[in-house]
Amino acid sequence: MNGPNDPTEGVIPYGSLVVDMALVVLVGWAVWWVVRYLRADAMTRQSIRQAVRVRWGWKRLAPMLKLAATDKTPTALAALANTDGKPIKPRVLIPTLKVTYDAYGVIARASCLPGVGLEQFQKAAPHLADAWKCTRVAITQDKPGQVVIRGVRLDPLKLPTEHQPTGDVPDETARWDLGLDEYAQPVSVDLTQVPGVTVAGLPGFGKTSLINRLLSDWAPSPCVQFACADGKVSAAHEGDYADWVQRMFAFVGDDLEEANKLFRDLVELRRLRSAWARKALGVKSMWDVGPSENWPLVVLVIDEAHTYFRDHKGSDPKTKKLAALAAENARLVEDLVKKGRSVGMLVILATQKSTGDAIPTFIRDVCPVGLSFAQKTAEAAVAALGEEIREWPDANPINLQDPTYVGVASMNHQSQPGFTRIRTPYVSDADAAHIADSTAHLTADPSALLEAFLGPRMWDRDVDLKKADADAA
Ligand SMILES: Nc1ncnc2c1ncn2[C@@H]1O[C@H](COP(=O)(O)OP(=O)(O)OP(=O)(O)O)[C@@H](O)[C@H]1O
């Protein structure tokens, strides 16, 4: 009974305080979720609903897919509580499941149980895809005792994306952000220590846009200098690189002689860099210290590469001269790819031609990274990506001929087995032009930079280029 002197008067009962607080937390949590849901785009909202379904259905689904374990040994507590002597029921253990989402689908992390691990989850993947209404499900293990289940409702390869370059200096030099893989996971390749990349594919499937992205993302760095040979055009103001010319220390069109001179100059630079690396940088490989404004990473883009390498057949003097130039061009570019890695030179070769002479196999095979957009025939796919592609039919670029796959490439990297399919984003010409404009002042000739860096005393000294060649090989 509450009287005037009741000591509990004005004191909120402890139990009610806990309930109130729980209610506040619950309401706060619900509001947070509603706001999150309303602010999400249509694709993400679908994924949120999917994530809720996945979480709620897991307890029933896991045993049906044999992703549960039975523990017949009673726990100590159950044994103590078992006073009537009846046999104790075995416990069914269900892997814990934490589900998150993104625009493309769900990412679930499940704990492993005795007898239920990576292998069992991988076996169940097609059934998980059916139950969760996913186009694809991938199971990987990121740490012991836990698997990651990636389910994509929408096929990321079929959804075009765009990339707007920021114009900021990249955080990491030589990281090439390529796009999203078939599970919508970002794919990037580290091009430090990589001397060559090949890019092939039918016309109009996204090669230029892919290279545009690399140029746009890297151009803001003063530690990168670009040169280009574009076999599709005769003059710098034409074609895909017209805007980029201002951010390039050298540009040549389809003239074989001019291209030959550019390749020779770059081989000369490579030889000088090889000769001076140790004295000037204090290390044998530029990558030990990274590129700098004085010693920038030199990126040579050779577009429509077949223009410079293709075989010229005929016995008239003009054809013979072209044939000799093409053969020498191939030899010079091979030199750059084979020996340019440690001194910071990277060659990107692109072609729409799908025969072995477009990018000679002796050059292709020394390029550690190869990408191919759609190809018409299995032979063309092999010419682009090497014989190994025959063993990976799912990733074969002959399956990318549908217009839906404009912008989708299959990539191999010598350091990893197999191929990755990547949805590359579209980079508009206007955005690329803007970056080229705003970074044009960073353009510098790396040979002049080397000369200035070494100073007249060192530059004048005879360097043993033959020895440098032998060291670089
Ligand atoms: N990643 C992409 N996503 C969506 N659409 C793209 C993408 N890349 C290119 N496209 C579309 O395809 C068109 C042609 O692209 P691009 O010029 O990059 O092809 P290409 O392979 O370089 O062709 P070519 O060999 O003739 O130079 C672009 O204008 C654009 O409309």
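Which residue of strand 15 does leucine 371 stand opposite? Leucine 371 faces methionine 411. The model is a predicted one, in which local features need pLDDT of at least 70, side-chain atom pairs count only at pLDDT 80 or more, and totals for chains, interfaces and linings use all residues. Residues are numbered from 1 along each chain as its sequence is written.

**The sheet.** Strand 14 (residues 369–372) and strand 15 (residues 408–413) run antiparallel and are joined by four bridges. Two strands pair if DSSP finds at least two bridges between them; helices (H or I, at least four residues) and strands (E, at least two) are DSSP runs, numbered from the N terminus. An open sheet of ten strands has the order 8-7-16-15-14-9-13-12-10-11, with mixed pairing. Strand 8 (186–190) and strand 11 (248–252) are the edge strands, each pairing on one side only. Direction ignored, neighbouring strands of this sheet are turned by 25° against each other on average.

| Helix | Strands touched | Angle between directions |
|---|---|---|
| Helix 8 (residues 317–339) | strand 9, strand 12 (297–303), strand 13 (345–351) | about 130° with strand 13 |
| Helix 10 (residues 378–385) | strand 9, strand 14, strand 15 | about 150° with strand 14 |

Axes are lines fitted to C-alpha atoms, for helices over the stretch in contact, and angles run from 0 to 180 degrees between N-to-C directions.

Not counting residues up to four places away in sequence, isoleucine 302 touches Ala229, Tyr308, Val333, Val347, Ile348 and Leu349; contact requires C-beta atoms, placed from the backbone, within 7 Å.

**The annotated loop.** An unreviewed UniProt entry lists a "binding site" that includes Gly201 and Gly204; such annotations may be inferred rather than shown by experiment. Glycine 201 lies in the loop between strand 9 (196–200) and helix 5 (207–218), and glycine 204 is also placed in the loop between strand 9 and helix 5. Glycine 201 counts as buried because it has 26 C-beta neighbours inside 10 Å, whereas glycine 204 counts as exposed because it has 12. The cut-offs are 20 or more other C-beta atoms within 10 Å for buried and 12 or fewer for exposed, with partly exposed in between. Beyond neighbours within four places in sequence, the contacts of glycine 201 include Gln352, Ser372, Phe373 and Ala409.

Note on methods: Two residues are in contact if their C-beta atoms, placed from the backbone, lie within 7 Å.
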